[in-house]
Structure formats: structure tokens, C-alpha cells
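Trainee: I have this model open and would like to go through it with you. Where shall we begin?
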Amino acid sequence: MPHRLLHRLAVTLLLIAASALWTSANAQFSPKTSGQGTSVVTTPYVRAELLAHAPQGVVPGQPLWLGLQITHQPEWHTYWKNPGDSGLPTDLAWQLPAGLDAGEIAWPLPKKIPIGTLANYGYEGTVLLPVPVTVASTFAPGPLTKDATIKLRASWLVCRKECIPEEGEFTLQLPIQSTTALNGAAFEAAAKAQPRPVLAGTTGIVPDSQAQMSNDAKALQISVQGLPVALRGKTLDLFPETAEVIDNAAAWTQTWNGSVWTAKIPLSSQRSNSPTLMPVVLAEQSAAHSIGPDARTGYRAELKVLGTWPPAASVASVSPALEAALKANAAQAGGTGAPTANTGASSLTLTAALLGALLGGLILNLMPCVFPVLAIKVVGFTQHAQDRLAHRLSGIAYTLGVVLSFIALGALMLGLRAAGDAIGWGFQLQSPAVVASLAALFTLIALNLAGLFEFGHFLPSSVASLQARHPVADSFLTGVLAVAVASPCTAPFMGASLGLTATLPAPQALAVFAALGLGLALPFLAASFIPAVARALPRPGAWMDTFRKLMAFPMFATVVWLVWVLGQQSGIDGAGALLILLVGLSLVVWALSLAGRARMWMGSVSLATMALLVWAFAPHITGVPTTPSATQASTTGWQPWVPGTAEQIVATGRPVFVDFTAAWCVTCQYNKKTTLAHADVIADLQTKNVALLRADWTRRDPAITAALAALGRSGVPVYVFYRPGKPPMVLTEVLSVDEVRATIAQL
């Protein structure tokens, strides 16, 4: 019976952890809004709806259009394909039945939206972003299939003076045989709003039209021929399709020389593109502050760029203008006129972060470094099964020890950040000295569980009896110990929740850390207050001694892992030095556990030996290993990440996959050996010519910390795909082969 009860308890914990893991991996929270299984997503700032237009049904050779219609609240806007100075274009990721292929967005004519010293290009009022869909001749839905399921994952940045990133998931059942033309008028209006070629029937390249570099290389002199007669003599707006070339907000001049329109436009001081062919859209200048549907007609021309471009500025992961705008928004958030949504997290955001932290704390109880401490503590109930008051006091004290320790650790991290240190969660494990100290602590715990010694034998009787005389204090300190041994395992399942703490006010951020501690303490707290849980535990017996010794092995396994982590930080010499010191520590513990004169003599010898070992080998623990050779990196396909590398590669048109990892991150190593080493994943990455970069956060690296913060994360693992002209795609922490392959297919 005791074995069956233990088995039942283990299965229950595993089910809880599996549920928590699924929720964490599939519901990573960020400040976004999503709707599941619906064609409409409504947020406080926009209403977004997935529309379709298939007047002949879903038939090969017949027109089929899909589109996302966005209706903005007054004064709010989203962005065009080139957002200008401070925005991001709307991104549409389709999941369509086999035989349907979605094209690119047929972007309607945008508006110029000035904000302070910036100029953006985007949409206000209501806009439909249509996408043509090709129905292949091989499209065969089956004789009984009546509808085609259309799924869309869209992300957009909606701004006023502040900017809110949002996303939604849309689903639409599109009839295959019958007509779908209810939204025909909206798609017809969107087609009219799409810029047309300056010369009908051409691809956009206009003869004798060009962009010439000025003599001082600070401006472009543009000339366009063939514009409609109705535009001649009028003031025009120009929208460059290539971002980060011209100064969007600068004043510029334009004139008409007969049928030729000319303009001189200053180059951006932060220009990062040097195109040889520059597509632009021209339209009659709109009235100031106009909103709603744009009745203007736009004309598109591709201009050959003559002359030599001046040196470009280095590519930034976030445009300087956008960074300045975000900083300004943050400053406004601290003022009295800022929207309440920017003074902290919304209630939904904070609730999701707290729930993620609570579930992450539950998962920690199954980690090999935590489970032995919890198991031994819970099994202790069996020795005092009838003392419910003592159990409850012990449970409360243990919970306080855990929660206060996590709050203290979180406060330390937030304080160091406020002082200017670029650190994230897991910062304590970036120190070789901390890793070595944890290895020593786990070695002592393992030797104690194995029965080599008892802590009471080392200590004076007055100190050794404290546990019996003050059981509440003992439970509190056990909670502190649980946090110490859990610290290597906290980050992997909680990237979104812990990353959010960097953007929250201190009280809300500390509440997230408290929720993490509560999750870790919850099983013990439940056993303390719920008699049914305590009764489910097996009765005392000889099995308890066997179980205690068995729990030593997970601790020894954790020591092996920490030695490996230190080897990644300080090289093979550091790992070897730590092993020697752990052997010396074990010798000291054994010698001090002896009795009589043997303890005095062997204790003195072992302490002297340990002092000699510390003097000789401790410096190797904090040493810096040699950097892996470029040859080694090239043979594996992975290159080391350095700031700006991903952006430079993306600028050439090649997608990039970045693995933010650390040796002390268990989930990182699991993903590296399984999903990222899977033959199909590797083949897909090679087929798409994806550049592979690995950002190793094993030791402290402020540049990696800043890159993680820009992605809304403060710990690893983080997996990101960077694509030309599109926002980064952040994957879940626990990778699956299907998830990675599906993402690669969208590149």
C-alpha cells in the first residue's frame, strides 16, 4: 500500500506539471490581444476582421481575395509597408488548405502621419489590407467538404502618441462551391486605393525617370515623367517603399517642368539602405488631419538611382527614431496626461503573468535539485501525523521562507538594473563562483541524504538542538534552502512572465516573483492544511531511510550538471579544479563525522589538505576559457552572436535564427540536443538558407541582456527568427519540431 500511495502522489504531481508546462509553452503572454476561432478581434484601439471575396467560389482560375480590415479608434493608426520613422508594418501569416497560396499584401495608398519631429506612413479610420490567393489546379478538398478553413495570425502596431503591439488569431469558414461576395464593395474600394503604375501596362519602371545623388551626397534629386495630366502643377506627396533612405520628416522642394515632376529630398542621417532601384508612390497632397477612406489615386514608379551612395549608418535592431519615440512615450507615461494603460500592466497582463509564475513554480517541484528537499520535508509529516497545528505552522513558515526569498532575489535583480547593470533572470548563475558554491552545497546535501554524516554532529549541541526547539524557524530556513537549490531551474518555463517584470512597476514585478515562490511552496502548503493529502502519505517505516538515501542521487546528478556548467564558463581546468575541491570537501565532511581522537587527527589533516587545495585550485574556477575557433563554429553551422550581426545578415535578404542560450539552462540544453538537432529541422534551415547564430549567456554579457530585453524577455531560452522587412518571430521556450518547421515554412 505505501508504494501505491507514493505512486499515486507522483502521478498527480506529474499531471500538474504537464498541465503547467503545456500552458506555459502554448500560452506565452506578451502585451498582445488574440482571439481564438473567430473572424473578428476587438481591442481598445482597433477592430480587426478577416474578410473574403470569392464571387465564383473557391475554384482554380477564378478570383479569390482574403484581407484583414482594421477599423481604428479616433486618433489611432497602424502602418504601411514602409512605416516611416517609428512604426512596424502589419504582418499577416496565413495557414491555408493545400492548393491555396496567399500572395503579398496589396497595400493601399497610405497617409503621411506627422508626430512631433517624426513622420510615419500609415492608415487611420478603416482600411482593408487585401491579399490575392491563387487556387492551384491540384486543389481537391474532397467530395464531402463544403468549406475551406482559413486561418490567419496577424500582428500590428497601433499608435497614437503611445504605441501598443497587438496580435490576433482569426478563423474563417469559406464556402467552396457557393458565392462569397458580401464584401465585394470593400475589396473593390481597396483595389482602387492600390497605387497603379505611372505608365499603364508597365512593371513600374518609368523611362527617363530617375533618382540622382546630389553633389554634396546629402539629398536625392528625383525626376518622374509620364504622370497623369490631372496631377500636373499640383503639390504631391511621396511615399518611398524602401525604408531608412530619406529623411521622412524633413522639408523638401518640388517643381513641375512641363510634364516632368522633380523634387529634392534630403537623405536620412541614419540611412541604412542603398538601393539601386527605388520604388516610390506619388499622390496629390492630402488635406491636413484628414481621416477615413482615402479617395486619392496613387501612382507607383521604380526609379533608377544614379551616382554613388555615401557610406550607410550601421543597421540598428530598432530604428533610432522609433527608439526615441518609445523613450518619449515612456516619459509621457510618467506624466499626468499619460493613458492609464502605460502606467503599468493592464489587469489582464498582470493576471496572466502571475498565473504563469504560479504554474512555473509548481513545475520547479519536479526538478532533480528541488524534489529531494520537498520529498524529505513532506515525508516528515508521517512522523507527526496527528499534530495538525504543527503541520500548519510549518507549512506557513516554509511558504514564507520560499516567497520572501524569491522576493529578495527579485528585488536584488531590479535594484541592480536600476543601478545601471544589464542583468536578467539567472544572473546569479552567470558567476562561476556562485556555480561552484551551489555545487558544494548540493554535494553536502547529497552526502547528508546518503547517510555519510548528520549536520548535528558538526555543530555544538545548543545549535544542533535548534531544529527540535524551533521547528517553525527550521521550516522557514528549509524554504530559503529550497529557493537556493531551485535557482538554477527557474527561468526555462517562465520567459514571458519574468521578461514582463522588466516593464512593470516594482510592486507589480515583485508580485510576479512572489507568485513564483507561492507555486513552489504550494504542494507543501497543501499537505500542511489539507488532511486528505497528509493521509495519502505512506506510514512511517524502514522505507523512509531507503527513500532518503535514494534522494541523494538526484542531488549528485545536479552536481554533475553544475560541474559541466562551470566547464562551459571556465574551461576544462575550471571543471577539474571544482571536482578536486569537492573531493576535498567530502574528505573534510567524512573526517569530521568520525568520533574520538580519530576525528581530531583526521579532521586536522583534512582541513589542512582542503586549505592547500583551495590555495592551489580555486583560482582556476574563475578563469576564462579560450574562445572556440571559427573552424569549430563553421563545422556545426552555428556562428557566435555579436550585436548587429543578425541585422546585417537580414539586410542582405537572408533570414536569421538566433538561439539565446546558456549552459546552466536545462531547457536550452534539451532543445539543443533534440529539436535543434533534428534532421528535418536542419534540412529545412538549410533549404531556406537560414543563418544560425548562438548567443551564449552562460557568463554575464550586457549585450545579450539588452537584446533579450528588446524582445520582452529577461531569461533564456529564447528562440527568434529575423526576417527581411518583418518583425522578429519569437518561439516558445519548449520547442517542438512541428513548431520550428512551421515557422521556417513561413520564411
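Mentor: Begin with glutamate 167, which counts as buried because its relative accessibility is 9%, where buried means under 20% relative accessible area, exposed over 50% and partly exposed in between, with a 1.4 Å probe and protein chains only. Bear in mind that this is a predicted model, in which local features need pLDDT of at least 70 and side-chain atom pairs count only at pLDDT 80 or more, while totals for chains, interfaces and linings use all residues. Residues are numbered from 1 along each chain as its sequence is written, and side-chain values use heavy atoms, leaving out hydrogens and water.

Trainee: Which residue forms a salt bridge with glutamate 167?
Mentor: Arginine 153 does, with the closest N and O atoms 2.2 Å apart; a salt bridge here is a side-chain nitrogen of Lys or Arg within 4 Å of a carboxyl oxygen of Asp or Glu. Arginine 153 lies in strand S10 and glutamate 167 in strand S11, 14 residues apart (strands are DSSP runs of E of at least two residues, helices runs of H or I of at least four, numbered from the N terminus). Arginine 153 is partly exposed, at a relative accessible area of 37%.

Trainee: And how many bridges join S10 to S11?
Mentor: There are 13, and the two strands run antiparallel; strands pair if DSSP finds at least two bridges between them. Valine 158 stands opposite isoleucine 164 in S11.

Trainee: What is the strand order of the open sheet?
Mentor: The order is S5-S10-S11, with antiparallel pairing, and the edge strands, S5 (91-95) and S11 (163-175), each pair on one side only.

Trainee: Going back to salt bridges, what does aspartate 91 meet?
Mentor: Its side chain meets that of arginine 723 in a salt bridge of 3.7 Å, N to O. Arginine 723 is in strand S23 (residues 718-723) and aspartate 91 in strand S5, so the pair ties together parts 632 residues apart in sequence. Both residues are buried.

Trainee: New topic: at what angle do H16 and H17 pack?
Mentor: Helix H16 (residues 552-592) and helix H17 (residues 596-621) pack at about 170 degrees, with their axes 8 Å apart, which makes them roughly antiparallel. Angles under 35 degrees count as roughly parallel, over 145 as roughly antiparallel, 65 to 115 as roughly perpendicular and the rest as oblique, and they run from 0 to 180 degrees between N-to-C directions, with axes fitted to C-alpha atoms over the stretch in contact.
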